[in-house]
Amino acid sequence: MSTPGRPTVPSLHPKARLQHDDVRGRDVLLYPEGLVALNPTGAEILQLCDGIRSVADVVAALQQRYGATGRSVERDVTAFLAGLAAKGLVTYGS
Amino acid sequence: MDPKPLWLLAELTYKCPLQCPYCSNPLDFAGPRFRRELSTEEWCRVFREAKALGVLQLGLSGGEPTLRADLEDLVREAHGLGLYTSLITSAYRLTQERLAVLKRAGLDHVQISIQGADAELSDEVAGTASYKDKIAAYHYTRELGFPLTVNVVLHRRNLHQVESLIRLAESLGAERIELANTQFYGWALHNRDALMPTKHQLDDAWRVVQRERARLGSTLEIVWVLPDYHEQYPKPCMGGWARAYMTVTPAGEVWPCHAAGRITTLTFDNVRDHPLDWIWERSDAFTRFRGDAWMPEPCRSCPRKTQDFGGCRCQAFLVAGDAGLTDPVCSLSPHRHLIDAAVAAVESAAGAVEWTYRAAPASRALAPFRDGTGLAAKG
């Protein structure tokens with residue numbers, strides 16, 4: 001969760017790797033003994049999680065890219081990252 | 001839509017310095033069927049064909065895969081293709097230098113077995129003094145930044161150590177510990193009476209696992225592979241026959257799982273004779289039990305068939321005598337009494353049963369070769 005004044009910076013856990021799956025035409029997140037299939041938005045979010053951008057930066061980048069306003073992008077990004085964090089695939093630093 | 005494989009288990013060699021009595025390798029691993037190992041170039045071609053077919057996860061296993069001097073080259077090729085590579089090793093004599101080379105070659109994940117929580121039991125079960133090497137290798141693995149899985153096969157002789165094993169994995173900073181109750185194939189089936197746990201042991205261990213899962217949360221993933229003889233319904237073996245998984249054995253035969261080669265009523269094809277996509281899509285071994293058209297009753301009309309796929313074909317063959325039957329573990333199977341009898345035997349057994357260690361001389365004695373070259377041949 002992001003709190004004002006203390007930005008949380010999401011990054012992919014080193015055990016996980018983003019990979020394009022040519023055969024099925026999608027991106028996947030690979031990790032020990034498992035994988036998560038990603039939709040295009042999910043893959044885009046993860047590509048923005050570079051260990052430098054905060055959650056707010058990721059949201060802002062996506063809003064700018066799609067000309068979106070309002071809270072829906074923030075809700076989607078937060079929920080998506082929380083799901084991966086619960087699997088230990090995304091970690092938060094600051 | 002036809003299924004595409006996601007997983008490939010590459011059994012690079014059946015040579016192994018350890019002699020674990022539950023080994024999943026075939027009883028006849030020392031025989032001519034597995035002798036002429038694939039070359040580096042042949043394995044690289046298999047990896048390329050697997051990637052083109054849809055495989056994303058590659059397990060490099062054996063036997064002991066680090067006995068292959070070209071392991072680094074194989075990892076480099078697999079990594080270059082974008083495969084997520086896991087090394088599944090005993091870590092016997094595995095050095096930090098070798099692991100560092102593998103890391104540079106692109107290896108993603110290391111799984112190191114351990115046979116008990118202390119040197120005495122671990123070395124006894126392995127039949128080879130290897131505990132010290134394993135502990136050293138766990139530390140190297142973490143120092144090099146690999147995600148680490150601690151692999152344990154559980155049975156009558158080590159189930160009481162589940163708590164110590166979890167604590168060991170925790171202290172090593174492992175990502176995962178895989179507590180796999182023995183599945184009875186290969187050497188484990190041969191040694192079933194010696195390995196079969198009691199219900200009481202399993203209940204105690206399962207209580208520990210639940211408690212430790214609650215304590216550790218996502219710090220350490222505890223995988224518990226069910227002891228299927230003690231279950232009411234069969235496991236969804238391999239997520240269904242030929243749906244997501246394939247094993248390539250050291251000399252190039254391709255199997256729908258690492259135990260399937262024992263099914264004598266199937267024909268297995270070889271990567272030396274056919275491309276992998278042909279084997280996946282067309283070969284007898286892969287098409288025979290794909291989908292549910294093959295299913296007999298009680299599976300055919302059972303609502304669980306989409307969850308468990310009729311269970312395990314190997315178990316049906318090995319225990320009930322026909323790979324096309326319902327897994328005899330299922331309480332609805334007319335052969336369930338065979339499973340119950342094996343479970344009951346251990347409950348009433350007076351003393352410990354000796355096991356046979358997995359080793360080449362025992363392999364040659366237990367599985368005489370039937371191709372006319374084996375028994376008569378020297379060595």
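This is a predicted model: local features need pLDDT of at least 70, side-chain atom pairs count only at pLDDT 80 or more; totals for chains, interfaces and linings use all residues.
Some ground rules come with the model: local features need pLDDT of at least 70, side-chain atom pairs count only at pLDDT 80 or more, and totals for chains, interfaces and linings use all residues. Residues are numbered from 1 along each chain as its sequence is written, while chains are lettered from A and ligands numbered from 1 in the order in which they are written.

## The two chains

Let's start with chain A. It has 3 helices and 5 strands, where helices (H or I, at least four residues) and strands (E, at least two) are DSSP runs numbered from the N terminus. Going along the sequence, the pattern of chain A reads β-β-β-β-α-α-α-β. Chain B comes to 15 helices and 9 strands.

Chain A has 94 residues, so a compact globule would be near 12 Å, and its 13 Å agrees. For the 379 residues of chain B the rule gives a value near 21 Å, and the 20 Å of chain B agrees as well.

The table below puts some values for each chain side by side. A residue is buried if 20 or more other C-beta atoms lie within 10 Å of its own, exposed if 12 or fewer, and partly exposed in between, with C-beta atoms placed from the backbone. Two residues are in contact if their C-beta atoms, again placed from the backbone, lie within 7 Å.

Chain A has an open sheet of 3 strands in the order β2-β3-β4, with antiparallel pairing; strands count as paired if DSSP finds at least two bridges between them. The edges are β2 and β4 (34–38) of chain A, each of which pairs on one side only. From one strand to the next, the twist averages 30°, using axes that are lines fitted to C-alpha atoms and angles that run from 0 to 180 degrees between N-to-C directions. The antiparallel strands β3(A) and β4(A) are joined by 5 bridges. If you want a pair to click on, Leu29(A) has Val36(A) in β4(A) as its bridge partner.

Now for the contact between the chains: 12 residues of chain A are in contact with 15 residues of chain B. On the side of chain A that touches chain B, β2 (17–21) and β3 (26–31) each supply at least two residues. The largest share, 3 residues, comes from β2(A). By type, that side of chain A divides into 6 nonpolar, 2 polar and 4 charged residues. Here Ala, Val, Leu, Ile, Met, Phe, Trp, Tyr, Cys and Pro count as nonpolar, Asp, Glu, Lys and Arg as charged, and the others, Gly among them, as polar.

## The core

The largest nonpolar core has 122 residues, and Leu58(B) and Ile177(B) touch the most other members. Such a core is a set of buried Ala, Val, Leu, Ile, Met, Phe, Trp, Tyr and Cys residues joined through C-beta atoms within 7 Å. Setting aside neighbours within four places in sequence, the contacts of Leu58(B) include Leu8(B), Phe47(B), Ala78(B) and Tyr84(B).

Most residues other than glycine have a negative phi, and most peptide bonds are trans. Here are some exceptions.

The peptide bond from Gly62(B) to Gly63(B) is cis, with omega near 10°. Gly63(B) sits in the loop between β2 (57–61) and α2 (71–81) of chain B. Another cis bond joins Glu297(B) and Pro298(B), with omega about 5°, and Pro298(B) is in the loop between α11 (284–287) and α12 (305–308) of chain B.

Arg93(B) is not a glycine, yet has a positive phi of about 55°. You'll find Arg93(B) in the loop between β3 (84–89) and α3 (96–105) of chain B. Ala242(B), also not a glycine, has a positive phi of about 55°, and lies in the loop between β7 (221–225) and β8 (245–248) of chain B.

Are these residues buried or exposed? Arg93(B) counts as partly exposed because it has 14 C-beta neighbours inside 10 Å. Ala242(B) has 26 C-beta neighbours inside 10 Å, so it counts as buried.

Conventions: The radius of gyration is taken over C-alpha atoms; the globule rule is 2.2 Å times the number of residues to the power 0.38.
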